[in-house]
Amino acid sequence: MQNKGAIKFFTILLVIVSVYQLLFTVFARKVEKDASNAANGDVRIERSYLDSMKGEVVYNVLFRKYTYQECKEREVNLGLDLKGGMNVILEIAVEDIIRSIAAPQYLTDPVFTETMALAHTKKANSQADYVNLFADAFEELNPGAQLAQFFMTPETRGSIDFNTTNQEVVDYLKVTAEGAIDNSYNVLRNRIDRFGVVQLNIQKLERQGRILIELPGVKEPERVTKLLTGTANLEFWTTFQASEVWNYLDEANTSLATILAADEAGVSTEESTETDLTEAPASDESLLDIPQEDLLDTTSLDLLTDLDSTAALSDQEAQFYRENPLIAVLTPYLDNQRQFIPGSTVGVVLIKDTAKVNEYLRIPQIKQLFPSDLVFSWHFQPDGDNGEFIRLHALRATRNGQPVMEGKYVTDARVGTDPYTGEFNVSMNMNAEGAKKWANVTRENVGQSIAIVLDGLVYSAPNVNEEIKGGSSSISGQFSQADADDLANILKSGKMPARAHVVSSEVIGPSLGAKSVKDGMNSFMIAFIVVLAYMIFYYSRRAGMVADIALVANMFFLMGVLASLQAVLTLPGIAGIVLTIGMSVDANVLIYERIREELAAGKNLKAAIKDGYKNAYSAIFDAQITTFLTGLILFFFGTGPIKGFATTLVIGILTSLFSAIILTRLMYEKMLSKGISITFDTKISRNFFKNTKIDFIGKRKVFYVISAVVIALSIGSLATRGLNLGVDFQGGRNYVIAFPQEVETIEIQDKLEIAFGEAPTVITYGNNSTVRVTTKYLINDDRAEVDSIIVAQMFDGLKPYLDSDAQLDDFLNGQDYIISAHKVGPTIADDIKRTAVFVIFASLLIIFLYILARFRNWQFGLGALAALVHDVLIVIGIFSIFNGILPFSLELDQSFIAAILTVVGYSINDTVVVFDRIREYVGLQKKRERKDIFNSALNSTLSRTFSTSFSTFFVLLAIFVFGGDVIRGFVFALMVGVVVGTYSSLFIATPVVYDTIKGEQTTRVLKGTVRK
């Protein structure tokens, strides 16, 4: 073995990197365990503990120290199905953007409205972007007409006029729409950043206007949906100076100390009861006019009056906190001379204390100390080296409590540079009406700040130097280019308020996530133990232990790589890991079978091991590469859980190759150097599949008939019974509902039919007290409140089966009864179907081309393709035949596509091993009959086929039995696929190759397969 030094170095490096990455998870979990123990079941104390640990160093390695927050951000990410949370795909309404660009007088024009209606109809069945559909609809309804007339406005002057062609108008609309979508993306990112969610994910999808958002751990999906689907709310506010406000804050600080002292002493007065912070209502009249108490960090809800909160402080510090509760958490915004910095910022607050400040300022007795027109608002992003502080601004409301001006008057905003200083600035333009209002506002506020507020957060508060006439303003302030770009985008958000509606969503409650983790780990451990035991049983103690060590190392490296790549581990991802366990055995099995053959040929142990590895390489790489290609297709074209499955499968293949080929070889060379005796069989397994002479080719027509009958039954069932298409493929909603007692599905269905006016599908889900409801009720309704309407109707219908004190909020928040909810709109369901068909055919084509390239003739490619089509048809057919018969769901969803592609990869894995042996025998036994060569190849690989199929099947069986209801249908498809794939590799693929090689072509074709 060459380059052993380099290989050992790489192995050690991989171990160090894996340990380094996995320790982030270890230390983060240790802090969370300590928090749980300290809280003793009190959620508020646990959150406060974790919040206080965010900036504390918990992992110290070499010259780098990591805080709990940094460890949390680098730990192994769990998907929503494992930790609970919300997954949403939003679609920005491009039609709203087009309407906002159009001239107002044409918005009710019949030609314009009919064009928009036709474009909306086309959108339901097309992958094209909306602007192209709009242009096609216009041309269809008005051949030869000019599109520019609808979009000639003062804002488009210079870009669109009477001479502008339709294509130029379309190009302008596309650029403008893409800019608006980018801006909506930025607005959404800023909104979800305020949830305090760790490991959130937001990304733009390929289809125009679609944005994927994943929020782990979110517990109020209804509120989240409303926040995400609202249009951008840009406002301009006049402000107070900090020096004006601190007189009131000092008074509030003194009053607050008295209130808290009375609360701590337990004084039973009307006043103290009224001001108990744990009972303080979240009034709409709060000084914090927006729901910042929900959006900012809300983990610090513990009060300073809790003695535990000051336990770690000195007596002097604790006394200061009690006497100055507000000033202790709100630091004045001062310069080096201890003077107030001019502007609207009154102070800075630690991120972890924002909830405490919110609570204090909501107390009725504190609120009444401030002027009625004073509104506090947070800055949009933190300050400080590590982002630990955030500024608090003092805004001045008008008499009716509103901003002085709305952002709808802004027509454009651009980034520029000062010609003298070179500093970045932002120019802002308003329409005529806005220009008049802006002149009045700036004239009355010369020398004061005007805050630019989006969604209730202050993005900038520039000072007014003079009255600004004409509607054109320049905003400067030592901006970086990124700051200037962000501010320009914020200002433009008032120009095009585009709706964002939910086209797909999934909510998984934390209880279901915890159950999934438990089920996943149970299946993982059982499958792992089965495979370890099997290798020792079949290949002897020493050889089996070497393979087992490689398998353990493979799992270690796999988790280390997942952690370093910040990959998300989902429940299908765990299935991918467990499947990797079964499939990673294949490389060891191929090597061991080759070594056994070399030993049987009379070679000594050292030569047999060397040649065994050498002769197994071709089959190993061919088999693994085909599965790897399937995994890549899943990764690039799949989303959500499918992508998680593909990620673990692809990484698992790479780590298993390294472990099985490199690590085991190093261990054997070490054992050989010490003279240790090694055997590769046991007394029980020694004669398994030895000297078998099954006439596979001679009996091929019998198996052709068997396959033809099964495929005919499958096609017949598909034509008559069809498939149980899930909401992924036909649109609709799924709700998993847990009841306090066992229920009858037919009764639940009848109650919901009355509530909805149409009958949903209701099936049991794991046990008789949990059901899954599937309905297409109101699926085409894109109102923001439609989900609330459906849940409310479902709540009314199911009241007799719920707890007597159950409230609608229990349903709306998806915690106590609805443990998961899944919605897929019709348009995205069509996209999923198209993508599924494309992915399957792309996989078959790529595998055919790979086999064609590797074996250099089309007959082998055709044999492999025939086997794959055979396997896919039978697996789909079995799902059709047994749908409604088996006691678990055989619904087709995105995970089923992952299962089909895994079956394709597994089947081709088996097939390639046989093809590789045929290629080898052709080179070694040139004068043998074609039939004998094919039969010998099939018989010689039987032991490997049995070992790999047996171990993989039992791995899947462990997942099927112990893995939980969520993936039972998915795993059933894999189990069927393993059986069918093994069958086809023996009785379909190779016989098809045999039958397509005719007469005088035999020698030429088979010679073409010989390895050079």
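## Overall architecture

A contact here means heavy atoms within 4.5 Å. In this predicted model, residues 24 or more positions apart account for 75% of the contacts in the protein chain with a separation of 6 or more. The secondary structure of the chain comprises 34 helices and 23 strands.

Of the 1012 residues of the protein chain, 53% count as buried. The accessible surface of the chain amounts to about 44500 Å², and carbon and sulfur atoms contribute 55% of that area.

## Packing of helix 23 and helix 33

Helix 23, spanning residues 700-720, packs with helix 33, spanning residues 968-996, at an angle of about 120°. The axes of the two helices are 10 Å apart, and the crossing of helix 23 and helix 33 is left-handed. From helix 23, the contact is made by R700, F703, Y704, I706 and S707. Helix 33 contributes Y983, F987, I988, P991, V992, Y994 and D995. The residues of this contact divide into 9 nonpolar, 1 polar and 2 charged.

## Salt bridges within helices

Side chains of opposite charge can pair when their charged atoms come close. The structure holds 30 salt bridges, among them one between the side chains of R362 and E359, with an N to O distance of 2.7 Å. R362 and E359 are separated by about one helical turn, because they stand 3 residues apart in helix 14 (residues 354-362). With the cut-off for burial at under 20% relative accessible area, R362 counts as buried because its relative accessibility is 8%. E359 also counts as buried, at 13% relative accessibility.

Another salt bridge joins the side chains of E593 and R596, at 3.4 Å from N to O. Both E593 and R596 lie in helix 20 (residues 571-600), 3 residues apart, which is about one turn of the helix. E593 and R596 are both buried.

## A salt bridge between an exposed and a buried residue

The side chains of R414 and D412 form a salt bridge with an N to O distance of 2.8 Å. R414 has a relative accessibility of 54% and therefore counts as exposed, the threshold for that class being over 50%. D412, at 16% relative accessibility, counts as buried.

Key: Residues numbered from 1 in each chain as written. Predicted model: local features only at pLDDT ≥ 70, side-chain atom pairs only at ≥ 80, totals over all residues. Heavy atoms only, no water. Axes fitted to C-alpha atoms, helices over the stretch in contact; angles between N-to-C directions. Helix = DSSP H or I, 4+ residues; strand = E, 2+ residues; numbered from the N terminus. Left-handed = near helix turned anticlockwise from the far one by under 90°. Nonpolar A, V, L, I, M, F, W, Y, C, P; charged D, E, K, R; others polar. Buried < 20%, exposed > 50% of the residue type's maximum accessible area, 1.4 Å probe, protein only. Areas by Shrake-Rupley, 256 points an atom, 1.4 Å probe, with all protein chains shown as cover. Salt bridge = Lys/Arg side-chain N within 4 Å of Asp/Glu carboxyl O.
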